[in-house]
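Trainee: Could we go through this one together? I'd like to see how the labels follow from the numbers.

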Amino acid sequence: MTKATDKKLIVGLDIGTSKVCALVGEVLPDSNVNVIGVGSSPSRGMDKGGVNDLESVVKSVQRAVDKAALMADCEIDSVYLSLSGKHIRCQTEKGMVPISDKEVTQDDVDSVIHTAKSVKISDEHRTLHVIPQEFAIDYQEGIKNPVGLSGVRMEASVHLITCHNDMARNIVKAVERCGLKVDQLIFSGLAASHAVLTADERELGVCVVDIGGGTMDIAFWTGGALRHAEVIPYAGNVVTSDIAYAFGTPPGDAEEIKVKYGCALSELVSKDAKVDVPSVGGRPSRSLQSQTLAEVIEPRYSELLGLVNQRLVEIQEQLRNAGVKHHLAAGIVLTGGAAQIEGLNECAERVFQNQVRIGQPLELSGLTDYVQAPHYATAVGLLHYGKDNQSFDDSEVEPKRSVSGLFSKVSGWFKKEF
């Protein structure tokens with residue numbers, strides 16, 4: 001077996017409320033990611049992005065990692081780990097420095113970002129990401145890469161994403177109990193964005209909504225930069241719960257019924273279609289109309305998407321007041337396990353009054369049959385993120401995109417900082 005460090009291998013680990021996904025990716029000479037190992041297992045001990053039973057999480061992680069390692073024929077010793085939960089916060093800060101030698105150097109860029117991120121945050125929180133949005137030199141604004149430009153003073157606008165110390169510590173502890181090192185913690189919504197968005201969408205204005213079992217992660221992009229990150233602690237599990245209560249069926253069966261036969265728009269369902277619903281306590285199963293099932297699912301999905309839409313309106317208002325581009329010209333991209341239900345596109349377009357697409361991972365090779373699905377978006381995004389931020393010993397892999405989609409050199413500096 002080769003160690004993950006022997007080749008240019010990266011491992012992404014997404015510990016969700018419903019499922020744990022581990023992916024092993026090899027960075028090819030052309031900087032593409034080739035997926036060579038996939039492992040998943042049902043998630044136990046997680047709720048809304050937080051750990052509520054450490055031992056159960058450890059077992060779930062171990063199963064997924066072992067499967068991925070076996071498939072990739074390698075020994076996994078470190079992972080890029082996703083993090084979600086309503087404790088995730090974000091803020092935009094500005095920094096300003098004089099330009100030392102009339103021409104901007106990388107040291108000037110590092111310095112202005114350091115100034116911007118030095119703002120005090122809550123003692124209970126720690127910084128996850130420092131993401132440059134744009135720079136200004138003297139009177140010129142909206143600069144993406146200032147290195148080499150002339151001027152007297154430079155200003156930077158950076159986006160900080162923070163997380164609660166203890167929430168982060170608990171999930172890292174679960175991974176370390178499996179004998180693994182955490183290379184970096186990454187906000188799930190940012191990872192999913194790296195997997196499913198194109199550069200054009202980020203530039204025009206787009207919102208990624210990663211709908212999992214316990215949380216919906218929101219990442220709002222305009223002008224090529226991340227403008228807002230947030231987690232709503234309600235997601236696909238409330239739909240499963242509604243099905244279980246409405247039809248008196250066990251939660252496990254309710255989840256299966258939702259995935260196999262569910263539809264988020266009742267008018268798309270044939271009036272004659274039927275579905276077998278298992279009962280509890282050994283009672284015989286019953287046959288119900290699929291339309292009745294859709295009538296339970298549709299209002300709940302509409303409500304969940306309505307919560308997102310309400311926040312989008314508020315975020316756009318804040319950006320407008322700050323004089324920042326706020327239009328979502330490229331619409332909404334829905335991804336995550338709970339985004340795979342039939343009819344969701346049409347349901348979401350009614351709620352958002354905007355174009356919607358279901359986001360699947362892009363720019364992949366290898367085991368694409370396994371991972372070209374919305375529920376692998378975060379795990380695939382972790383591989384892209386790791387590729388862009390990792391220095392390999394034998395030769396530097398030139399990143400195609402950086403943390404912010406702005407430029408690559410800064411991301412190397414982030415890694416040194418944190």
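Predicted model: local features only at pLDDT ≥ 70, side-chain atom pairs only at ≥ 80, totals over all residues.

Trainee: What makes strand 12 largely enclosed by the rest of the structure?

Mentor: Look at burial. A residue is called buried when its relative accessible area is under 20%. In strand 12 (residues 153-164), 10 of the 12 residues are buried, so the strand is largely enclosed.

Trainee: How do you know that strand 9 and strand 12 pair?

Mentor: Pairing takes at least two bridges between the strands. Strand 9 (residues 89-98) and strand 12 have 10 bridges, in the antiparallel sense, so by that cut-off they pair. One spot to look at is Pro98, which stands opposite Arg153 of strand 12.

Trainee: And how many bridges link strand 10 to strand 12?

Mentor: Strand 10 (residues 125-137) pairs with strand 12 over 11 bridges, again antiparallel. There, Thr127 has Thr162 of strand 12 as its bridge partner.

Trainee: How do you know that strand 10 and strand 11 pair?

Mentor: Two bridges join these antiparallel strands. The cut-off is at least two, so they count as paired. Ile137 stands opposite Gln140 in strand 11.

Trainee: So what is the strand order of the open sheet?

Mentor: Four strands, running 9-12-10-11, with antiparallel pairing. Strand 9 and strand 11 (140-143) are the edge strands, as each pairs on one side only. From one strand to the next, the twist averages 35°.

Trainee: Which strands does helix 2 lie across?

Mentor: Helix 2 (residues 106-117) lies across strand 9, strand 10 and strand 12, at about 130° to strand 9. Helix 3 (residues 165-176) packs on the sheet too, touching strand 10 and strand 12, and its direction makes about 65° with that of strand 12.

Trainee: Which residues make the contact?

Mentor: Helix 4 brings residues including Leu190, His194 and Val196, and helix 11 brings Val380, Leu382 and Tyr385 among them.

Trainee: How do the residues of that contact divide into nonpolar, polar and charged?

Mentor: Between helix 4 and helix 11, nine are nonpolar, five polar and none charged. Gly381 is one of the contact residues, and Gly counts as polar here.

Note on methods: Residues numbered from 1 in each chain as written. Heavy atoms only, no water. Buried < 20%, exposed > 50% of the residue type's maximum accessible area, 1.4 Å probe, protein only. Axes fitted to C-alpha atoms, helices over the stretch in contact; angles between N-to-C directions. Contact = heavy atoms within 4.5 Å.
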